[in-house]
Every structure is written in structure tokens, then in C-alpha cells.
Amino acid sequence: MERRRRPATGRRGDPARRAEVAEVVRAAAAAGLRVAPQSTGHNAAPLAEQGLRDVVLVRLSELTGVTIDEEARTARVLGGTLWCDVVAAAAEHGLAAMHGSSPDVAVAGYALGGGLSWYARRHGLATNSLVAVELVAADGSLVRATAEDEPELFWALRGGGGNFGVVTALELRLLPIADVCAGMLLWDRERAPEVVPAWTAWTRDLPESVTSSMRVMSFPPMPELPPFLSGRRLVVVDGALLEDDGRAAELLAPLRALAPEMDTFGRFRQRDCRRCTWTRPAPLLRSPATPCSATSTTTR
Ligand SMILES: Cc1cc2nc3c(=O)[nH]c(=O)nc-3n(C[C@H](O)[C@H](O)[C@H](O)COP(=O)(O)OP(=O)(O)OC[C@H]3O[C@@H](n4cnc5c(N)ncnc54)[C@H](O)[C@@H]3O)c2cc1C
């Protein structure tokens, strides 16, 4: 059954680039090739596993940009935009986005796939903060999906990843969170038998204002790393508490009682993100010459 689709409006985004994406998709279809969108390549492994034969890789890394609507508390981000740019732009307005732990992950892959943010236990998955998704569909048409227009496509996109087209823009709801208590606690790996069950027990009764993760990490000896990481095997608990300082200290007390060797929890203003040294991602589809430098196992 043919469905009438409402075209994405031309007044927003970057029409030239969107038209370029549409052209690539149409050309690929005409040549009998498949299309794989990619923003950063952070999650490139599944693509490689499926095989890239007869696939046109559409890199969105240059289709970036953020516009904040302070009154509506929404952000409009172009298809290849990184979280660091959204967090910084939202912070200018005292707002927070549903970002995760890494500044150089792109909004598209993260939000389309679910997106577990530091505010997840209270505010849900980032995918549910999406209010609109614009994409180039398989036939090369530009589509705007919202709860009202293309509701089934909008439903499928939220969790369905990049399977329904090349996303050229997303609109997402922001949260009125200007600052947050956040940080990490760190122990040597030897303390894992004590710390891991303590963290697990701690999470059972926590209010939904707290989202945290626990990782067991191994770092190779590298001069680029600070001494507290280089060559170390560590247990790291990090997270965010949407609480005032007093209540946050009360909630963190059981973990602090385990005497972490490092404790960075404190009040953190979203605006300060701009001062962080956030690096851009390495070249897409990383080459063997730039191997991942650390291994970690995360539980959240
Ligand atoms: C250091 C690090 C920390 C992380 N922390 C978290 C976290 O805290 N919470 C969390 O939930 N996840 C986290 N992740 C996982 C991350 O959300 C996923 O790896 C995500 O898929 C990355 O999205 P990407 O667009 O950057 O990657 P890509 O590899 O470019 O894309 C991932 C998938 O999304 C699709 N895609 C990307 N862009 C588009 C587009 N414009 N249109 C259509 N499809 C597209 C791709 O086809 C691919 O299937 C983390 C990952 C890393 C590397």
C-alpha cells in the first residue's frame, strides 16, 4: 500500500547537504547498492560483521549543527552532530540534554538506539525525548516523522537505530537542569570483590534521582595517560545525582565509606562543559594503527 508522506520542510537544517544525502541514496538504489549511515563510527562493529560489500557508507560527520529553542526547551540537531556540541549549546540556556558518558558520541546513533543518559532513571531513555526525526528514506524522499506525522515510522525510529533511512536532523526535548552533582569514585581492581557487591546493593534502594554505572577497567602502560590510570586495573563508579549537595552526600556515604582512592563527586554546572578538553573522534572505521587503548566492562 502506498502511503502519502509529508515531506520534510525546506526551511530548516541544511537543505544543500540533505539534498546531497538524498542524491547518494537514490544513486545507490539505482546501482543496486545498500546504504549504511554513519556519524562517528563508534558502533561500526555490527556494520563490519554484516559485511560492507555492495554498501555505500554515508558519513554524516560534516552535517552538524545545533539550534536551541529556549522557550520550547528543545534542541534541533543535524544528523552527524556530537553530544558535546548539544550539551554546550543547551547549557547556554540553563538546559541539559539526555547525553551519555561520552562527549564524542553522536546524537543520532545514541538516540535512535535507545540512549541511556546520566538522567535516565528519572527521565527515561533519550530516544523518548525525541520529538521529531527527519530522514532520507530508501526511495530518496525527505520525510519528517513525529507523533502526529508518520507516527508508525516515528515509533520504529525510536529504538530501531539507523534501519529506516539516513537521519538528517533530530529534535529533542531538553531538561531544565542547570547543574548536577556528578563525578566518579575509583579503587584498585584488588578491591573489586568488596566494591562490586557493595555498589550492587547500593543501587537497589536508590531513588530515581540517581543514575550510576560501575566499570572494571584495564589500562595499558602509556605515557599519555596520567599515573593513576597508566598500567592500572581499576574499579570505577561514576554517575549523577539530581539532588542538592546535602542529600547527595547522604546518598554517596555508603560508597565513600569504602575509602576510594579518588573521589571527584561535586556540583557540576552544565556550562562548565565548555571548559572540558573534549576530543574529536578518531577517523571513522578506525584503522588497526589506532587500536582502542583500554578495555572496560560496564554495568548500569
Ligand atoms: C566512549 C563511549 C561511551 C558511550 N556511552 C554511552 C552511554 O552513556 N549511554 C548509551 O546509551 N550509549 C553509550 N555509548 C554507546 C553509543 O550510544 C553507541 O555506540 C551509538 O550507536 C553511537 O552512535 P554514533 O552515531 O556515534 O555511532 P555510529 O557508529 O556512527 O552509528 C551507530 C549506529 O547508528 C546508525 N546511525 C548513525 N548516525 C546515523 C544517522 N544520521 N542516520 C541513521 N542512522 C545513523 C549507524 O548506522 C549505526 O547503526 C557509548 C559509546 C562510546 C564509544
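What percentage of the 300 residues in the protein chain do buried residues make up? I found 35%. Buried here means 20 or more other C-beta atoms within 10 Å of the residue's own, exposed means 12 or fewer, and partly exposed is in between, with C-beta atoms placed from the backbone.

A note to myself on the source: this is a predicted model, where local features need pLDDT of at least 70, side-chain atom pairs count only at pLDDT 80 or more, and totals for chains, interfaces and linings use all residues. Residues are numbered from 1 along each chain as its sequence is written.

Next I looked up the elements. The protein chain has 8 helices and 13 strands; these are DSSP runs numbered from the N terminus, helices being H or I with at least four residues and strands E with at least two.

Then I checked β7. I see that 7 of its 8 residues are buried, so β7 is largely enclosed by the rest of the structure. Strand β4 (residues 74-78) pairs with β7 in the antiparallel sense over 5 bridges, where pairing takes at least two DSSP bridges between the strands. Val77 has Leu170 as its bridge partner in β7. Strand β5 (residues 130-136) also runs antiparallel to β7, joined by 6 bridges, and Ala132 stands opposite Glu171.

Last, I turned to the ligand. There are 28 residues around it, and Gly100, Ser102, Gly109, Gly162 and Val167 come nearest; the cut-off is a C-beta atom, placed from the backbone, within 6 Å. β1 (34-38), α4 (107-113) and β7 (166-173) each give two or more residues to that shell. α4 gives the most, with 5 residues.
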